[in-house]
Amino acid sequence: MRWLALYFPYLPLELDGFDKDCPRVMLDSRQRVVLANTAAQSEGIKPGQALATAQALAPPLSLCRENPLQLQQVMAQLALWAGQFSARISLCPPQTLLLEIASMLRYFKGSESLRQQLVVALEGQGYSCWMAMGESAQGALLLARAGGCEAISGDDYRRALGQLRIDQLELSSTQQKQLTGVGIKKLSALAGLPRIELARRLGPELTAWLDRVLGRCQQPPAPWEPPERFDLSLDLEIELEHTHAILFPLRRLLAALEGFLNQRQWLATELKLRLAGRENQQAITVVHAQGCSSASLWQDLLRLRLERETLTAPINRIALELCHHHALQADNRDLFTEQREQLSASTLISRLRSRLGDEALMRLDQLQGEPLLRPDCQPDWPQIRPSWILPTPKALPDRERRQLELLSGPERIQGSWWQQPQQRDYFIASWPDGRIGWIFRDFHDHWYLHGWFG
Amino acid sequence: MALAELLNNGQLWRGSESRQTLDIETDSSGYNRLDHWLPGGGWARGQLIELLYPAPGVGELRLLWPLLKRAKKDSTSPVMWIDPPADPNPVALQQAGISLAQQWVVHSGKDRAKALWSMEQALSSGSCALVLGWLDGRLPTVAQRRLQVAAQNGNTSGWLMRPDREHLQPSAAAYRVRLQAEGGCTRNMLEQRLISHRKVQLELQKRRGGWPMDPQPITLCGLF
């Protein structure tokens, strides 16, 4: 087994998905800094400082409090997202994901390429991450939490593991004291000691732990069970007033959706986005006829849809729900035909619908209107019908009507249009400038223009 | 790019001759006479074609009938009608042999920016058989150029349907066609079914690989 550990050191500061280049710190109940992100650290802010000191060092400092519930939500989101990289994922608190990758390395074309893909994807979602691969789950976890490690396997990996300091090994403070007391500073020194001696002096737990770290005995953590339905929500620190500001936090929910769909080989056809404030709630639905799993495409559709939406009140919670999906069909397209199509027709139509609204697009064979316009309600004999129909007939002034040359007619059409018995005599008429129109005379001898022969 | 290559694909042409053969993909217009006037024997594919006509009812749709009928062959690719001036009549289209399931009507709600965006999206997506857009009023050259580029990128032909009064405005489209009805018809003509072969005046103000052409009469297909 091969393991990949992803540790998110600044996750409590990155929960709501805003810019990680701005200095930000987390405070405890005594107004002291407990965690500072890299931007804050480069200004000289360290954990343990008082708020006043930190604010003096970096004036545009943004503050936040510990939020265990939200942290849990985001970890679940990350686990869903990681579903596209591995089938076996474990959550290892604090803030660490453990992925079993041996079975997936071939698919991702090797460890290095997998690492690159993860870096790009996490960067895009605005997370800082330290990662490490290891031959044992415990080893990968320790390396990731100690700042990450580039080594993949073999001697490099064992050397990196051996370089870990005793304080980086997550041992109890008594064990740490005992080890430093006998002059052991690094893991390599500890691993070099005889097992029996070690067990006798420091207890059998330590040797068992050492076996797990060094991979002598595999004891993988329990796998995480993904939920059956996809319905994720994200609480925001700041209230949002404009729809475009939703896009950034939304990106993370969509990344989780992509992982969820890819793991199940599903395509989403309908998503629902719920936006909630203190007292208000809005929901929007976006549809893709053919179905798709790509986060970027759904983001594009949602962006277009959100442009049309105005928020009735500020919101502080967004939730994304997968309403409909279908299973992915094996792609059996011909490999040799030239692929000129950049965007499939159904994607184009979904895009147009998202921006213009569902009712703005209509297929001509789906018209449900008056029988006159429905091909299935036509008599058998051929009739000359205009190609343009005016939505409502336009009254023809007498002066204009007298200039017309009637070319054919009358054709009497009777029917209950608009549930009202009507009788109309239709004529094809030519205008002096050569245009040809479709006009009728109603029961009261009024003339109307109803269409054009375009 | 060699000079010969430029000459062959019509980007460069000699003023003394109008080439009948070009090394570009063309779509027959469906009218022999018109194909004869178009270098390469048809509309070059993936180009913007601007059609200027005074008002609906001149024969502007019948000029497109053959193109719409041909689009039926691969019925997955849609034909987009963006902001048409009235409702296209399904009965007439079906009588003409045009597949209704392929025709999509898009209403931008009289929003110029949305109409342009929709047309650009449809053209550049490369998934449409044909894109027809009715854009009234002045159209900035930049917008036209964007549409022309989108048509080229998506290799999709786009028809820009514009009022005739705009014929003095500059155009970035590859073709510019003016359509005028030829006087009035008489009842007698219809009875002799001449109406179904009615003539209109077609002027090519701009064409790929040739000089502009003065108005010439052309017979369009029938009313149904």
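Analyst: Happy to. Let's start with a pair in chain A: S2(A) and strand S3 (residues 33-36) run antiparallel and are joined by three bridges. By the way, this is a predicted model, where local features need pLDDT of at least 70 and side-chain atom pairs count only at pLDDT 80 or more, while totals for chains, interfaces and linings use all residues. Residues are numbered from 1 along each chain as its sequence is written, chains are lettered from A in the order in which they are written, and side-chain values use heavy atoms, with hydrogens and water left out.

User: What makes S2(A) and S3(A) a pair?

Analyst: Strands (E, at least two residues) are DSSP runs, and two of them pair if DSSP finds at least two bridges between them. S2(A) and S3(A) have three, so they pair. A:Leu27 stands opposite A:Val33 there.

User: What about S2(A) and S4(A)?

Analyst: Four bridges join them, and these two run parallel. A:Arg24 has A:Ser62 as its bridge partner.

User: Why are both faces of S2(A) called covered?

Analyst: Buried means under 20% relative accessible area (exposed is over 50%, partly exposed in between; 1.4 Å probe, protein chains only). A:Arg24 and A:Met26 on one side are buried, and so are A:Val25 and A:Leu27 on the other. In a regular strand, side chains alternate between the two faces of the sheet.

User: Why do S12(A) and S11(B) count as edges?

Analyst: They belong to an open sheet of nine strands with mixed pairing. Each has a single partner strand, so one side of each is left without a neighbour in the sheet.
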